[in-house]
Amino acid sequence: MRAAGLVNFLLTGVCLTPDYEVLKKNNTLKREVELLSDDTHIPQDVCLIPDKNLLAGKKLTIATWQDWPSSGTRKDENGNQVGDGFAFEFVDILREKFGFSYEIMLPDENILGDATRGILGLLHSKKVDMAAALLPVTPTTMRLAKPSISLGETEFVILMKRPTASATGSGLLAPFTTEVWLLILVSLVLVGPVICVIIKIRNYLVRRKRPLLVPDDDPEPEDYSLPACVWFVYGALMKQGSTLSPRTDSTRMLFATWWLFILVLTAYYTANLTAFLTLSKFTLPITGPKDIPRRYKWFAEQGRILENAILNETYLPELLPPRFEPLPYLNETREQRVLQLVNDEHLVFLEEKRKVEYLIFRQYVKLTAANEKESHRCKLAMTPQSFMSHTLAFFYPFNSSLVKLFDKTLISLLEAGIIKYQQRRALPLNQICPLDLNNKERQLRNEDLMTTYKVIGSGFVAAIVAFVAEFVMQGWHRQRAKKRAASAQRKVRKGAAMCRPVVG
């Protein structure tokens, strides 16, 4: 990279060598040629510092659109429409260097557009000399206009209402994933019957196949029932003792294997639960566009980069069918509409990262000025992972003589870091409202103990069901016993009647 910077830019300027003879022969470049004086001789090597009057006194027509904070318009103290945003700060640098003036033309529709409408329509029809807006460099835009050098990149994130709880899960279930919990449940169900079957096979082989191997003083073989084995497995999981006392080595190895498994499992669970309650990071339920259709409804601004990417360039097919909102031009009204859709209708907003950062920061400032609690100031959250990045640039009509003329200066601004600085100048150095709010004290919340409440409730419900079942079964057995007793009494009476002597 050339050793260029802000000091070199201010002191030495930039030298260009455009071929103006070719430009004059091109009839389609009439406006660009008219910008250059025909009365004076233009040398082949144009050094911008000696010849600052190359565009002096010329008036350019510059297109822009309402795309705060990068570009837009506002009224000055005289009521005139002037450019706003850091894109026009770069234009002002060019204006001061080359001595031209400009007027602003807004498209009929505040959209990216195509060959006949929007800001691209103005460029393609050559109604303007350039577009002072950070437009995406995509196959669609490059077919309609000529981009400048890269002025940075944009990437998209997802804005959503901050959830009250982390997507990792509730406190007691967080240490393990769903797959691990399912496997533990499967092992809890299968190990008891497996132990019971192995013990019965062992008893069968030893007693029936090898009776001589059993000593005469050996007591009855270990014949644990299935409920006893299942209860042993459950009791070991809960770190409870067991009344079973195996005597054979094979049964002892089975029991010891399960105890070792439970020891390792509970050690991992305890360690991960402690880490989760003290050092866990807040996570969102969605990480990218693929998670949106399963959980949320989404929207994006109409006529912008994302709509062009989805509809014209077949990006992100998982987001079809799309929903694009015609958001208002005014920044305050636009923010209110976005917040209404995100907070009230629980939609997620897909937008450029820098715009989302500005939105979160402005919301944080407003809530701080309203004396909201620190924990209530971050009501929005954006995904840490971005998607679909695009290069941004100014755009010119095809064959414009301004491309090479301005690119040298823009390169100097880019190499000096001025463009990147201007884009983030209004944002603080520290990240505002990160996912992990870095609370110093991690207190247990009611949500962390929700699983405990569910376990207790489920246990009481199961106990009540078992009690009712026992009561019903006991009554049923009592009725059967009464019927059997009554039947037995009738049989006795009938037998006694048959055996009674006949007196005659």
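I began with strand S12, residues 348-352, in this predicted model, and I found the strand mostly covered, since 5 of its 5 residues are buried.

Next I looked up the partners of S12. Strand S9, which runs over residues 153-161, pairs with S12 in the antiparallel sense over 4 bridges, and within that pairing I noted Phe-156, whose bridge partner in S12 is Glu-352. Strand S10, residues 298-301, pairs with S12 in the parallel sense over 2 bridges, and here I found Phe-299 standing opposite Phe-349 of S12.

I then turned to helix H13, residues 353-369, and checked its length: at 1.5 Å a residue its 17 residues should span 24 Å, and because the end C-alpha atoms are 24 Å apart, the two values agree. For cover, I listed the buried residues of H13, among them Arg-354, Lys-355, Val-356, Tyr-358, Leu-359, Tyr-364 and Leu-367. After H13 comes Asn-371, and I wrote down that its phi is positive, near 60 degrees.

My last entry concerns the surface. I found a nonpolar patch of about 510 Å², made by Leu-185, Val-186, Val-189, Leu-190, Val-194 and Ile-198. Leu-185 lies in helix H7, which covers residues 178-209.

Conventions
Residues are numbered from 1 along each chain as its sequence is written. This is a predicted model: local features need pLDDT of at least 70, side-chain atom pairs count only at pLDDT 80 or more; totals for chains, interfaces and linings use all residues. Side-chain values use heavy atoms; hydrogens and water are left out. Patches are made of residues with over 30% relative accessible area and no salt bridge: like charges are joined within 9 Å, nonpolar side chains (Val, Leu, Ile, Met, Phe, Trp, Tyr) within 5 Å. Accessible areas come from the Shrake-Rupley method with a 1.4 Å probe; for residues, only the protein chains shown count as cover. A salt bridge is a side-chain nitrogen of Lys or Arg within 4 Å of a carboxyl oxygen of Asp or Glu. Buried means under 20% relative accessible area, exposed over 50%, partly exposed in between (1.4 Å probe, protein chains only). Two strands pair if DSSP finds at least two bridges between them. The expected span of a helix is 1.5 Å times one less than its number of residues.
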